[in-house]
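Subject: Structure handover

Hello,

Please find the structure below, followed by notes on what was found in it.

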Amino acid sequence: MFVLYETPAGYAIFKLLDEKKIKEVDNLYLEFDTPERANKILKLKHFEKFKDTTEALSAATAAVEGKLSKTLKKTLKKLTDEDVQNQLLVADAKLGSAIKEKLSLQCVSNTGVQELMRCIRSQSESLLAGLPKKELTAMTLGLAHSLSRYKLKFSPDKIDTMIVQAQCLLDDLDKELNNYMMRAREWYGWHFPELGKILTDNVAFIKTIKLVGMRENFHEIDLSDILPTDIEEKVKEAAEVSMGTEISEEDIINIRQLCDEILAIHEYRTHLYDYLRTRMMAIAPNLTVLVGDTVGARLIAHAGSLVNLAKHPASTVQILGAEKALFRALKTKKDTPKYGLIYHSALVGQASTKNKGKISRSLAAKASLATRVDAFGEESTFDMGTEHRARLETRLRILEEGNMRKLTGSGKVKAKFEKYQAKSEIKLYPVEEDNQIPIVMSKKRKLESDKPLIEEIKSEEVEETGETSTEPAKKKKKKNKNKSEDAETSQIEVQDETEVPKKKKKKNKGNAEESMTVDESLIDTTVDEPQSEKKKKKKKKAKESTDDE
């Protein structure tokens with residue numbers, strides 16, 4: 001039975017002298033206490049040394065992936081030719097299966113083998129007698145560095161330092177271009193001030209100055225390659241009536257040299273922007289699709305690296321670049337900023353003022369996810385960024401229309417509400433509901449509404465008296481008295497009817513005094529003493545009987 005032991009310097013094959021010791025897993029470490037006892041159990045049969053670090057790296061990577069390297073294959077072929085029936089103890093089960101397929105050699109990998117490998121590692125110096133310790137240490141260090149680079153899948157295309165430097169250089173070039181352009185406009189403005197107002201494009205302005213020079217040459221030179229026909233005519237008309245001062249040829253030479261510098265910087269900036277865009281699509285494709293090339297590069301530059309940006313939460317990504325405003329707001333106890341560098345992205349720019357905060361928060365959440373996929377994901381595709389951008393555009397359209405819809409999760413749950421309309425929905429407080437006795441109040445109001453009925457009765461009486469003006473005065477008085485008495489009796493009856501439900505309801509409550517309350521308007525028209533009313537009725541009846549006789 002043989003043992004395959006892998007070292008940074010090469011492959012070692014040991015022959016197991018006592019096979020019974022492997023079965024005693026718990027006490028196996030006691031057999032390797034000293035080098036003498038270890039040499040009684042294992043004996044080095046063959047050691048295949050690596051030629052250089054490259055060969056060691058290829059063998060180590062093959063072992064990590066569970067494959068059989070060329071060096072190990074040659075070594076094991078010699079072993080199988082000599083001893084065909086022997087077994088091979090291997091630490092890695094995947095490597096053992098690969099050896100069994102290629103060389104048809106029986107491989108064993110279990111807990112006992114793992115414990116044996118630990119014991120061999122503890123006494124590796126004595127078991128590998130021909131290998132110096134310094135050489136083994138150097139090989140271990142070199143292989144560790146090489147293997148760590150391989151595990152990280154190091155690629156020069158994934159270096160985000162170039163993005164940081166390119167973005168910083170772009171910002172510096174923009175500042176320099178603005179300064180140079182301002183200086184060129186002011187310098188040439190003394191000679192032809194109207195040209196700066198007509199030509200707002202900086203590149204067209206610089207190319208025109210370089211080509212023409214003095215304003216007197218505008219009529220002689222064709223500017224159709226630089227300017228449209230309508231603007232060219234305006235420039236030539238303005239050159240005829242210009243109020244600028246005269247300048248010398250030496251001044252024009254210096255101005256043209258400045259124009260050459262501006263055009264060279266502008267061309268280099270265009271080239272650098274193309275380089276930055278390709279780098280961003282290679283390193284962070286999902287982030288580039290979501291927020292754009294420039295904003296994504298500025299976020300990476302502000303965070304320091306793509307990995308550092310991936311470690312930030314979405315709330316930090318949202319306000320990244322607005323640290324001064326954040327701490328000033330916290331110090332003064334005011335509202336914190338809603339966005340930082342992410343404000344310059346296309347999605348936030350498309351949103352209205354009231355929706356910029358919502359879109360920036362959603363965009364920061366998606367951008368943080370996209371950054372983590374770009375930094376730690378194995379596949380470099382922009383499918384996730386495209387999908388999230390489509391969702392954000394849909395959400396922005398819904399917010400601008402005035403509706404809300406739940407798009408997160410499965411997307412099946414959707415909440416809709418009506419569009420906002422500026423309508424004043426003022427509801428008055430119902431005062432009538434505050435009354436504890438609504439029935440009494442309603443009857444009082446009915447009695448108040450019955451008041452004009454009494455006046456109508458009086459007006460009818462006046463009309464009847466006018467019709468019967470031919471009758472004697474006595475009969476008129478009697479009729480008027482009879483009608484007034486009838487009106488009084490009808491009014492008393494109405495009053496008695498209204499008092500009955502009041503008394504019943506208020507007696508149940510125990511308020512006898514409140515049950516006798518009557519409206520003041522009715523008290524004026526009714527008689528205070530019912531006994532005097534009865535006496536008057538009897539006298540009137542007696543008079544009527546005497547008149548009839």
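**Sheet**

I13 has H46 as its bridge partner in β3. The model is predicted, so local features need pLDDT of at least 70 and side-chain atom pairs count only at pLDDT 80 or more, while totals for chains, interfaces and linings use all residues. Residues are numbered from 1 along each chain as its sequence is written, and side-chain values use heavy atoms, with hydrogens and water left out.

Helices (H or I, at least four residues) and strands (E, at least two) are DSSP runs, numbered from the N terminus. Two strands count as paired if DSSP finds at least two bridges between them. On that basis there is an open sheet of five strands in the order β3-β2-β1-β4-β5, with mixed pairing. β3 (42–49) and β5 (107–108) are the edge strands, each pairing on one side only.

The pairings are as follows.

- β2 and β3 are antiparallel, over seven bridges.
- β1 (residues 2–6) and β2 are also antiparallel, over five bridges; E6 stands opposite Y11 in β2. These two strands form a hairpin with three residues between them.
- β4 (residues 88–89) and β5 are parallel, over two bridges, and L88 has C107 of β5 as its bridge partner.

Strand β2 (residues 10–16) is largely enclosed by the rest of the structure, because six of its seven residues are buried. Buried means under 20% relative accessible area, exposed over 50%, and partly exposed in between (1.4 Å probe, protein chains only).

**Helix pairs**

Axes are lines fitted to C-alpha atoms, for helices over the stretch in contact, and angles run from 0 to 180 degrees between N-to-C directions. Angles under 35 degrees count as roughly parallel, over 145 as roughly antiparallel, 65 to 115 as roughly perpendicular and the rest as oblique. Contact means heavy atoms within 4.5 Å.

The axes of α19 (residues 356–376) and α20 (residues 383–401) come within 11 Å and cross at roughly 175°. α19 is therefore roughly antiparallel to α20. On the α19 side the contact is made by K358, I359, S362, L363, K366, L369, A370 and V373, and on the α20 side by M384, H388, L392, R395, L396 and L399. By class these are nine nonpolar, two polar and three charged residues. For the classes, Ala, Val, Leu, Ile, Met, Phe, Trp, Tyr, Cys and Pro count as nonpolar, Asp, Glu, Lys and Arg as charged, and the others, Gly among them, as polar.

For α10 and α12 (residues 249–283), the axes come within 9 Å and cross at roughly 140°, which means that α10 is oblique to α12. The residues in contact include V203, I206 and K210 of α10 and I255, C259 and H266 of α12. This contact has nine nonpolar, one polar and four charged residues.

**Two single residues**

Q257 is found in helix α12 and is partly exposed, with a relative accessible area of 47%. Q257 and K210 are 47 residues apart in sequence and 8.4 Å apart in space, C-alpha to C-alpha.

R215 lies in the loop between α10 (202–212) and α11 (229–240). At 10% relative accessibility, R215 counts as buried. Not counting residues up to four places away in sequence, R215 touches Y188, H191, F192, A239, S242, G244, T245 and E246.

Regards
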